[in-house]
Amino acid sequence: MAKMTTIKKPPAGRPVPHAALLRGVNVGGKNRLPMAALVGMFGQAGCAEVRTYIQSGNVVFLATPATARHTAHSVARQIREQFGFETPVVLRTADELRRIAANNPFLPSNADVKTLHVVFLAEKPDKRRTAALDADRSPGDAFCAVGREVYLHLPNGVARTRLTNNYFDAALGTVSTMRNWRTLLRLVEMSQQLR
């Protein structure tokens with residue numbers, strides 16, 4: 001098991017780097033959302049130094065903790081009003097992203113990083129729900145739920161797994177969005193550059 005790192009909470013009024021992870025944006029020709037419009041929405045919500053990564057709804061920005069708390073709802077509302085679709089917006093601080101990347105339990109087993117993914121949950125699920133997750137749901141694949149993340153090892157590929165966002169949403173009673181390991185590491189790098 002990887003060594004766990006801890007994070008310190010920033011002072012309440014100081015802007016800190018964050019990442020926003022949107023679900024289902026610009027995937028398969030559906031839920032089209034120009035990144036320039038998305039940057040504008042975060043700016044309107046009070047965020048600074050807003051940057052996106054690829055076209056699938058990955059945003060890094062600076063915001064105070066108070067501003068960040070309302071950003072997810074504000075941006076989701078603006079997307080609904082301007083583009084007509086619903087999308088969850090899940091937030092993490094740069095320090096949380098760094099901790100998530102450092103604590104992947106599948107890294108010590110030398111798993112191919114191309115098979116690693118992380119499911120980001122909007123809220124921490126109830127322990128009973130987490131304990132009830134079906135370890136045999138997707139034979140050959142493995143997961144490890146830790147707090148507001150579910151680490152995935154998908155050697156058969158993400159397209160074939162039964163460990164999907166919809167499964168975790170229903171089983172854990174929250175909303176989720178998944179990112180591959182390369183995207184996570186790039187977001188860690190981008191968010192650290194905002195310091």
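This is a predicted model: local features need pLDDT of at least 70, side-chain atom pairs count only at pLDDT 80 or more; totals for chains, interfaces and linings use all residues.
Four strands form an open sheet, in the order β2-β3-β1-β4, with antiparallel pairing. At its edges stand β2 (48-53) and β4 (89-93); each has a single partner strand, so one side of each is left without a neighbour in the sheet. From one strand to the next, the twist averages 25°. If you follow β2 to strand β3 (residues 58-63), you will find the two paired in the antiparallel sense over four bridges. Thr 52 is a handy landmark here, standing opposite Val 59 in β3.

Two helices pack on this sheet. Helix α2 (residues 65-83) touches β1 (16-22), β3 and β4, and its direction makes about 160° with that of β4. Helix α6 (residues 181-192) touches β1, β2 and β3, and its direction makes about 160° with that of β2.

Strand β5 (residues 116-121) pairs with β8 in the antiparallel sense over five bridges, and His 117 has Asn 180 of β8 as its bridge partner. Is β8 enclosed or exposed? Four of the five residues of β8 (residues 176-180) are buried, so this strand is largely enclosed by the rest of the structure.

Now for the interior. In soluble globular proteins, nonpolar side chains tend to be buried together. Here the largest nonpolar core has 22 residues, of which Leu 97, Val 118, Phe 120 and Leu 184 touch the most other members. The elements giving two or more residues to this core are β1, β3, α3 (94-102), β5 and α6, and α6 gives the most, with five. A second, separate core of 21 residues includes Met 35, Phe 42, Ala 68 and Ala 76.

Phe 42 also brings us to the aromatic rings. Three aromatic pairs turn up in the whole structure. The ring centres of Phe 42 and Phe 61 are 5.2 Å apart and the planes are at 45°, so this pair is tilted. Because Phe 42 lies in helix α1 (residues 35-44) and Phe 61 in strand β3, the pair ties together parts that are 19 residues apart in sequence. Both of these residues are buried. Elsewhere, ring pairs link Phe 143, Tyr 167 and Phe 168 into a cluster.

Side chains of opposite charge can pair when their charged atoms come close. Arg 148 pairs with Glu 96, the closest N and O atoms being 2.9 Å apart. This pair links distant parts of the chain, with Arg 148 in the loop between β6 (142-146) and β7 (149-153) and Glu 96 in helix α3, 52 residues apart. Arg 148 is partly exposed, at 24% relative accessible area, whereas Glu 96 counts as buried at 14%.

Arg 80 forms a salt bridge with Glu 86, with 3.5 Å between the closest N and O atoms. Here Arg 80 is partly exposed at 36%, while Glu 86 counts as exposed at 55%.

Key:
Residues are numbered from 1 along each chain as its sequence is written. Side-chain values use heavy atoms; hydrogens and water are left out. Two strands pair if DSSP finds at least two bridges between them. Axes are lines fitted to C-alpha atoms, for helices over the stretch in contact, and angles run from 0 to 180 degrees between N-to-C directions. Contact means heavy atoms within 4.5 Å. Buried means under 20% relative accessible area, exposed over 50%, partly exposed in between (1.4 Å probe, protein chains only). Rings of Phe, Tyr and Trp (its six-membered ring) pair if their centres lie within 6.5 Å; planes under 30 degrees apart count as stacked, over 60 as edge-to-face and the rest as tilted. A nonpolar core is a set of buried Ala, Val, Leu, Ile, Met, Phe, Trp, Tyr and Cys residues joined through side-chain atoms within 4.5 Å. A salt bridge is a side-chain nitrogen of Lys or Arg within 4 Å of a carboxyl oxygen of Asp or Glu.
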